[in-house]
Structure formats: C-alpha cells, structure tokens
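Please read the following account with the sequence and the model side by side. The account takes the contact between the chains as its starting point and then turns to each chain.

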Amino acid sequence: MADLLNVVARMRALEQGQAVRIVSQRQVLIQPGAQILTMLSMAGEDTSVHAVAVGRLGVAPRIKVVADPRRRDDQYELLRWLLPHFETYYAQCRAEGTFPQIWVSSDGALGHLDTLADRLRFTDDQQVQRLGELWTYAGERSPIAGQQALISATSALTAHFATGQQETEDEHLGALLTWIEPPPGRDIFAAVAMAEQQPMGAKTDPRFDADELQPAVALFNKARKDNDVRAQDFHAGLIQQMMEGVIRPIYTATQKGMAILSDPRWQHNAALVSLGEQEASNFARFMEARDEGHRLPYHDSAKAAAFKIVARERTVDNVEAAFVRHDHAARERGAESGTVLRGTLVDRQKVRLAPRIFETRMVLSTAQDSLHLRAGDELWHLDDPKLCIRVTEVERRGPISWVSAIVDKGKRAALQLDIGNVLDLGPENPDWGATVREFAQMHTRLASAPWTHAEVVPPAMPSIRPRPNDLLAAVERLV
Amino acid sequence: MTDPQTLADEALREILESQWQGVPAVVLRSPPGAGKTGVAQRLALQSARLLHQRCMVVTQTNEQAFDLARRLGRNADGFPIHFYARKDLDLPADVRTNGNIRVIEEFGHIPQQPGITIGNAAKWSWIDTGEAMFDLQVVDEAFQLPDYRFQLIANLAPRLVMIGDPGQIDPFVHCEIERWRCNPAGPQVSSPAALVKRHPGVMQMSLPVSRRLNTDTVRLVQPAFYPEMPFEAMSEDRELRFDVAGIVPFDAALDAVTAGAKIVMVELPPQLTGERDEEIADELVASIRRLLMRKAWVRDDGVVSRVSPEMIGVVCAHVSQVNAVRERLGRDLAGVFVETANRYQGIERAFMFVHHPLSGRADASAFHLDAGRLCVMLSRHRVACWIFGRQGIAQQLTRYAPIGDRALGIDDDPEYRGWRAHLTVMSWLANAGRLYPAVHGMIASAPGRAVG
C-alpha cells in the first residue's frame with residue numbers, strides 16, 4: 001500500500017509537469033562543513049580518478065585533473081593532493097565531537113567512492129592508504145539505515161520529492177533537479193532530455209571519450225614518449241579544460257541539491273537528532289580503532305560479519321522506531337503498510353483479578369487491512385512514551401479489526417483516554433544502547449570460535465555405551 | 001520396490017546410528033511433512049536416555065518450542081524435559097501444567113546430568129558463557145536460522161544435528177546484505193547451507209518420504225521445488241467424497257479432487273487488482289462454503305470423518321488478502337485458519353485454499369516469485385489443495401523473466417529458482433487439465449453479472 005502512495009505522488013507530478021513534495025520534514029541532516037566530492041573515472045578504469053572537484057556548500061570547488069590516471073605516479077599524486085583536505089576535515093569533526101559528511105551526486109558516484117576506498121587501502125603508498133581508510137568510514141556506513149556520513153544527492157532529493165518519471169531515471173541528478181525546478185514555459189520532458197545531455201555520475205559521456213578525450217590523452221602520451229615537455233604541458237592543459245567542463249556542472253548540481261534541502265521550508269525532524277548522535281559516536285569509534293592500528297579487512301571473518309549484521313539489523317529497527325514517532329510521512333506510510341496500528345479506542349477498563357490485583361484492558365477498532373499484528377505483540381503509544389499495551393486478540397469482523405490488549409505500562413494514562421480517541425501504536429522507542437548490550441553478549445558467546453565457523457572439523461567420537469540390537473525399536477519405546 | 005514406510009524407517013535408523021558413531025555434524029534435509037519434529041524428538045530421547053548425554057534442542061520460535069515440549073513431555077517413562085524460557089513468557093496451559101515439563105529461566109539451573117533442554121535460538125544466544133554445556137545440539141527448522149544467529153549458539157555443544165526443509169522460505173534478514181552477497185557461507189545464508197559450504201565433508205542426509213503430502217501432490221511439488229531431492233508420499237489413503245452430488249460446471253473444481261486430482265487451480269478472468277482482490281476472496285469463501293454444504297467426508301490414513309471448518313485452511317501472500325478472506329467467513333466458519341505463508345510454516349490442514357501470490361499483479365517481484373513462499377503454500381494440505389488466481393499468470397511469468405542479476409561465486413539464483421518453480425507449477429497444472437474457471441464467488445458477489 002505504501003507503494004500506492006508513491007505511485008499516486010508520481011502521477012500527480014506527471015500531471016503537473018513538476019516534482020511534488022512528499023514530505024514536510026527534512027529527511028537528511030546537512031552538516032555545516034559537509035564536503036562535496038565529485039570524481040570522474042576513466043572509461044574502462046573503474047577505480048581510477050581522472051578528475052576530482054572538492055568543496056563545500058556555497059564555495060567554489062578546488063579541482064585537480066591528471067592527464068592519464070593509468071600512470072600510477074600521476075594517480076597517486078592526485079590522491080595525495082586530496083589527503084590533507086580530508087585529514088583536516090576529519091580532525092576538525094573529531095575535535096568538535098561531530099562526524100564528517102560527504103555528498104556525491106548519485107548512487108553511482110557513491111558506489112565509485114566506496115569501491116575506491118576499498119581499493120586504496122591495499123596500495124603500497126601510505127598516504128594513499130590513509131585516504132582509503134578515511135573514505136572507508138563513509139563507504140562502510142553508506143549501506144546502513146539512517147546513516148548520515150555519505151549522502152548521494154539523488155537519494156536525498158527523492159526522499160523529499162516524487163517526480164513524474166521512473167525511479168531509475170531519478171538517478172540522473174540533472175534530470176531530477178529539472179523536475180524539481182522546471183524551466184518556466186518549457187515542456188518538462190524536453191527540459192529533462194536537455195538536462196540528460198550532461199553526465200552526472202562518475203563517468204564521462206562515451207561519445208566525448210571517443211571523439212575528444214581519448215585523442216587528447218593519446219597525444220599527451222605521445223608527447224611524453226617523445227620527451228616533448230611543451231607538447232606534454234599543452235595536451236595536459238587541454239585535458240584539464242575538457243574534464244573541468246564535465247566535472248564543474250556535476251559539482252554545481254550537487255551543491256544545488258544541498259541548497260534545495262537546506263531551505264528553511266523543510267520542517268525540523270526530531271528523528272534526525274538521534275541519527276546525528278549515533279553517527280558521531282560511530283565516527284569516534286572508527287577513528288579510535290584507526291589510532292589503535294586495527295586493520296580494515298577487505299573480507300569479514302565469520303565473527304566480524306556476525307557483529308556487523310547484528311548492528312545493521314538493530315539500526316534498521318531503531319531508525320524505523322524513530323521515524324514513525326517523529327516523521328509525519330513515515331507514520332502515514334506505517335499506517336498504510338500495517339506496521340503502525342491506528343485504532344479508535346472502543347473500550348478501556350480496570351478489571352479486578354483478585355484482591356488488590358487489577359488489570360487494565362483496552363479494545364481498539366481499525367479498518368486497516370494490512371495490519372501486521374498477532375497475540376503477544378507489544379505496542380507503544382507513538383505520542384506517549386509511557387503507554388505500552390500487549391495484544392491478546394485480533395479479530396476481523398466484517399471490514400473492521402478488533403484489537404484487544406492488556407495495558408502493560410501507563411495504566412493510569414490509559415484509563416484517562418477518551419473513548420473514541422484515535423491512537424497510533426507501534427514499535428518501542430529506539431534503544432540505541434541495545435546494540436552495545438548485544439555486542440557484549442556476543443563477545444562472551446564468541447570468546448572461543450565454534451568449530452563450525454573455523455577451519456577444522458573435529459573427528460567422530462563413537463560412543464562406548466552398549467548399543468541396542470534393534471535401535472529403532474529401542475528408541476520407539478522411549479517416545 | 002521398497003515401500004515408503006521401510007524407506008522412512010531406514011532413514012531414521014541411519015540418523016540414529018550416526019549418533020552412536022559420534023559424527024560431529026549431520027545436516028538432515030526434509031521435504032514438507034516428513035516428520036522432522038518426530039526425528040528431533042527421537043534424537044533427543046536417544047541422546048539423553050540411551051547415550052546418557054546432555055542434549056539441547058533449538059527451535060526458531062516459541063510456538064515450535066511448545067510443540068516439541070508437548071511431544072517430548074509425553075514420553076513413555078515420564079522422563080523430565082526442561083524448557084528454557086524467558087521469565088515473562090506466557091506458556092500455554094497444557095505446557096505449564098504438564099508434570100514432565102520443567103521450566104527454567106536461569107542458565108545456572110540447566111541440569112548437569114544427562115537430559116533434554118528445549119529453548120528457542122534467541123534465548124540460547126543469551127547464555128552467559130563461552131563454553132560448551134551440552135554433548136549434542138539438535139536444531140529444528142534449521143533452514144530458517146541465518147548463519148550469524150547459529151554462530152552465537154554453535155559452541156554450546158561439540159556435536160550437531162541440523163534438521164530442516166530447504167524448500168521453504170529463506171531466513172528473514174531485514175538489513176542491507178550486499179557486503180556478503182558473494183559469500184556462499186555469509187552471515188545471511190541459512191545455517192545448514194553455510195555449514196556445508198564451509199565444511200563440505202559433514203554428513204548430509206535426506207528424508208525420503210512425506211507423511212503429509214499425498215501421491216498426486218508429490219508429483220507436482222517434488223520436481224517444482226525439490227528437483228535434486230527425490231521423495232515420495234507415505235500414504236495413498238487420502239480421499240474426499242460428497243453426500244450431495246455436484247452441479248456442472250459449478251462444482252467441477254471440487255469434484256476433480258474426488259476423481260484423484262488433489263491439487264487444482266480455479267481461475268478468475270484476468271484483471272489487475274493489486275494485493276487485495278475482493279473477487280478472489282468471494283470465490284474462495286464460496287468454495288469453502290460449497291465444500292461444507294455438500295456434506296463432504298474425508299478418509300485420511302484409514303480414519304473417516306465429516307469435513308469441518310477446523311480441517312480447512314487458507315493461505316495468502318499478504319496480510320490484506322488474509323483480512324479480505326477473514327471478513328467473509330462469519331462465525332460459522334470461524335474454525336477456518338487463515339494466515340500468510342510465513343506464519344503457515346510448520347502447520348498443516350486436510351484442505352487448503354491458496355491465494356496465488358502472482359494473481360492480480362502487473363509485475364513479478366522477488367517477494368512474489370519466491371520459491372519458498374509458493375512451496376509453503378502448496379505443501380500444507382494432507383488431502384486436497386485449491387489454488388485461486390487470475391488467468392494469465394503463465395504469460396505474466398514469461399513477460400517478467402529474471403533479469404539475471406548474479407553475484408560472483410554464487411551459483412544459486414533465488415529469483416530464477418522461484419521463476420522456474422512458478423512456471424513448472426503453472427505448466428503442470430495446465431498440462432494435467434487442472435485449471436477450472438471460477439463460478440461461485442462471481443455469482444454470490446455480483447448477482448446478475450454474466451458468468452462464463
């Protein structure tokens with residue numbers, strides 16, 4: 001059903017020829033010093049960096065281009081040029097007790113940065129390795145729910161707007177921005193088609209590569225082979241101009257995306273506060289581990305993978321719990337998809353079970369038809385953190401579900417609720433400390449690695465006890 | 001040719017024997033309704049009573065733990081069974097009052113002498129020690145346990161038996177797992193599959209017989225969902241008959257079962273409806289009413305009884321579909337058990353009515369194509385199964401063939417597996433002449449509308 005909301009928003013955008021806002025509250029934190037990082041790789045060299053532009057919101061980019069990133073020395077020079085920039089930024093965030101945030105243009109660019117970070121950690125240059133480590137913070141955080149460390153402008157914008165095109169088409173930042181702020185008096189599809197002429201990811205246009213860039217790089221390499229310094233400088237300058245022509249619009253579009261989302265029209269979202277705190281705490285731990293010399297492996301051991309997946313699952317739960325409380329749109333989606341019970345209070349009463357033992361019960365009715373509920377489920381009032389109920393029965397009669405429950409917490413508050421009140425109930429408040437507690441338990445449980453997750457299978461140990469002649473019959477007699 | 005009972009006995013004997021040999025691990029694959037829990041029960045009793053070991057039994061849910069506790073609690077000699085549960089767990093009355101079942105809440109109270117202790121995987125993972133506390137660990141429904149959860153309990157015993165159905169719904173991991181996608185023994189993989197990948201030499205066995213499914217159903221379910229795991233039906237003695245004769249064409253799908261077609265499909269005219277399809281719900285409930293109205297009798301392994309609502313189940317892919325059916329049942333059909341496929345795992349009924357997961361959809365997403373989901377839906381019945389869906393599902397499958405999104409080093413492609421299983425089912429039903437046009441609900445819900 002939540003998909004239906006998305007379809008309706010897209011149809012409305014199509015009808016209006018302009019993207020529509022799908023939320024009123026901000027969905028992403030924008031850090032004051034957030035870095036915009038735009039990189040272009042060379043065709044066929046996915047983990048290369050041919051050109052880079054780096055800067056902040058409201059600031060012109062610093063750009064560096066190498067003539068041919070396939071030459072390792074040139075490539076490393078570019079990466080070493082970037083290191084002080086990020087080292088300083090990370091140190092500043094650390095000193096302020098906050099976290100670094102990197103903005104890229106699209107999910108494709110995000111993937112490029114993530115892959116590059118992994119690759120750079122295993123080079124033989126310490127400075128390049130260090131840059132890889134710093135970027136790995138952003139890369140490793142990127143798939144985790146609610147993370148604020150590495151943001152793709154397209155994902156951030158589509159969390160706020162729906163366009164009249166397909167979701168995959170929203171991955172082109174230029175097209176997406178055109179939907180959000182269409183040029184007046186022009187057909188939206190013509191404007192989008194024009195915007196799509198400009199590359200917005202991590203790669204240049206194949207036609208540009210074939211017609212302009214490749215010949216220029218070939219001439220540069222010939223000049224180098226011929227030891228012709230003047231020609232070399234000339235062709236390097238030409239390549240610089242060409243790449244700047246591509247990378248500047250991507251950087252500017254990313255800035256534009258940030259500017260749109262910085263607009264004060266987006267209301268405060270309290271869910272983001274705790275996400276920011278978690279991000280800062282994760283960043284502090286990451287940097288401490290680097291200080292202590294812990295390696296960042298390419299592949300996880302079984303034990304490390306268990307810790308990581310547990311942390312991810314807990315985070316998903318906490319982020320969902322935070323958003324259904326504080327984000328109006330998330331709560332509506334929850335009510336539509338059935339993860340939030342939106343029920344009308346039909347009855348609440350205090351029942352005497354025994355002398356001085358009472359139970360507070362309530363009954364809610366709802367017409368929600370996708371409700372994921374069963375007896376035993378615990379639900380919390382999303383607007384009153386003190387009230388918690390335990391479902392005892394869910395009965396569907398006609399188009400209405402009747403939910404009976406016992407009040408576990410907030411009995412007095414429950415009895416003061418008016419019959420006919422509409423309550424939103426859902427998961428418990430986010431419990432960010434739960435991950436720490438679970439990790440402590442996992443450390444105990446995994447203190448000695450089980451053989452099932454190690455290299456060697458133990459030998460068979462036949463029993464020395466007398467075996468019954470007819471084993472099956474002997475066991476059946478026990479059943 | 002060996003009869004099914006002998007095959008089943010031989011397999012059980014071999015599993016029990018493996019414990020006398022002290023093999024470090026056994027992965028036991030089971031088709032639907034093959035008596036997995038019965039095997040777990042026997043292994044536990046053998047371990048504690050004959051081998052004088054400390055045996056822990058792991059379930060995935062509290063409901064499964066209750067079921068196993070009930071079975072073990074009925075043991076012949078009144079041997080005490082320990083149930084390891086959290087303090088505030090609401091135990092069913094029959095478990096709470098069973099004299100043979102002793103509930104323990106602290107791990108320090110787990111008996112030191114040979115015995116059997118049952119608990120769910122989550123509870124076991126909070127035991128406050130890193131040492132082995134048992135001799136044998138029996139994991140029931142092991143294919144529902146992701147490897148990272150299994151890792152947390154794996155060292156509680158040096159020897160393992162992992163029992164489960166590999167054809168059912170994969171473990172549910174609700175976070176992003178791309179990082180481990182290329183690892184066939186990754187943390188998200190089902191624990192027996194990950195164990196076999198890490199240690200291919202561990203003992204692996206399959207149960208050869210389904211006690212639940214009938215022969216006709218096995219002919220469809222085995223090649224569609226278990227192409228590499230042959231099995232057969234234990235019983236041929238499953239029959240449905242009616243005191244009231246059917247009317248052609250209204251009762252054709254019901255009467256097909258009396259003629260031996262134990263799994264058939266009822267098709268409604270093609271239409272895009274989204275998740276909730278009121279007409280399918282109408283048709284399905286009208287068919288249930290007709291089944292009962294015609295005074296049906298069932299013969300199940302020699303026991304003849306009148307068909308009652310309690311013998312009937314309805315399984316759907318989505319909660320909204322479950323509610324659409326429940327809304328129509330009324331008090332007289334309150335005994336009909338309606339649930340989603342996820343919650344139907346481990347449950348059986350004599351008669352099942354299935355809302356086809358692809359019905360009424362324009363696309364075929366990974367959720368709806370999931371082979372495990374369809375397998376659960378088509379393998380809950382002992383006697384007969386009626387599938388309800390919109391016409392054109394086979395064409396829909398052809399339009400939405402898998403796009404081939406593969407991961408390096410991973411042979412398994414769940415989307416393709418699901419797509420192939422769906423196509424096999426639809427082809428089999430069509431070739432066997434098991435497709436019937438819908439009639440009941442159409443009349444009941446929309447009087448005056450043209451039929452046929």
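The contact between the two chains takes 44 residues from chain A and 53 residues from chain B, where two residues are in contact if their C-beta atoms, placed from the backbone, lie within 7 Å. On the side of chain A that touches chain B, the elements giving two or more residues are helix 11 (302-326), helix 14 (433-445) and helix 15 (471-476) of chain A. Helices (H or I, at least four residues) and strands (E, at least two) are DSSP runs, numbered from the N terminus. Helix 11 of chain A provides the largest share of that side, eight residues. Sorted by class, the side of chain A that touches chain B holds 25 nonpolar, eleven polar and eight charged residues. Here Ala, Val, Leu, Ile, Met, Phe, Trp, Tyr, Cys and Pro count as nonpolar, Asp, Glu, Lys and Arg as charged, and the others, Gly among them, as polar.

This is a predicted model, in which local features need pLDDT of at least 70 and side-chain atom pairs count only at pLDDT 80 or more, while totals for chains, interfaces and linings use all residues. Residues are numbered from 1 along each chain as its sequence is written, and chains are lettered from A and ligands numbered from 1 in the order in which they are written.

Within chain A, the domain assignment gives domain 1 (2-298) and domain 2 (327-426); such bounds come from an automatic or database domain assignment. The C-alpha centres of these two domains of chain A lie 45 Å apart. Eight residues from domain 1 of chain A and six residues from domain 2 of chain A make up their contact. On the domain 1 side of this contact in chain A, five residues are nonpolar, three are polar and none is charged.

An open sheet of five strands in chain A has the order 4-3-2-5-6, with mixed pairing; two strands pair if DSSP finds at least two bridges between them. Strand 4 (62-65) and strand 6 (150-152) of chain A are the edge strands, each pairing on one side only. From one strand to the next, the twist averages 20 degrees. Strand 5 (residues 102-104) of chain A pairs with strand 6 of chain A in the parallel sense over three bridges. In this pairing, Val104(A) stands opposite Ser152(A) of strand 6 of chain A. Helix 3 (residues 107-120) of chain A lies across strand 2 (35-40), strand 5 and strand 6 of chain A, and runs at about 150 degrees to strand 6 of chain A. For such values, axes are lines fitted to C-alpha atoms, for helices over the stretch in contact, and angles run from 0 to 180 degrees between N-to-C directions.

Two packed helices are described by the angle between their axes and the distance between the axes. Helix 6 (residues 173-180) and helix 7 (residues 188-195) of chain A pack at an angle of about 150 degrees, with their axes 8 Å apart. Helix 6 and helix 7 of chain A are therefore roughly antiparallel to each other; angles under 35 degrees count as roughly parallel, over 145 as roughly antiparallel, 65 to 115 as roughly perpendicular and the rest as oblique. Gly174(A), Ala175(A), Thr178(A) and Trp179(A) of helix 6 of chain A meet Ile188(A), Ala191(A), Val192(A) and Ala195(A) of helix 7 of chain A. This contact has six nonpolar, two polar and no charged residues.

Further along chain A, strand 12 (residues 400-409) pairs with strand 9 (residues 357-366) in the antiparallel sense over six bridges. Arg361(A) stands opposite Ile406(A) in strand 12 of chain A. Strand 12 of chain A is also joined to strand 11 (residues 388-397) of chain A, by nine bridges, and these strands run antiparallel. The bridge partner of Glu393(A) is Ser404(A) in strand 12 of chain A. Strands 11 and 12 of chain A form a hairpin with two residues between them, and Gly398(A) in the turn has a positive phi of about 60 degrees.

Chain B is divided into domain 1 (4-210) and domain 2 (215-445). Their centres, taken over C-alpha atoms, are separated by 30 Å. The contact takes 21 residues from domain 1 of chain B and 23 residues from domain 2 of chain B.
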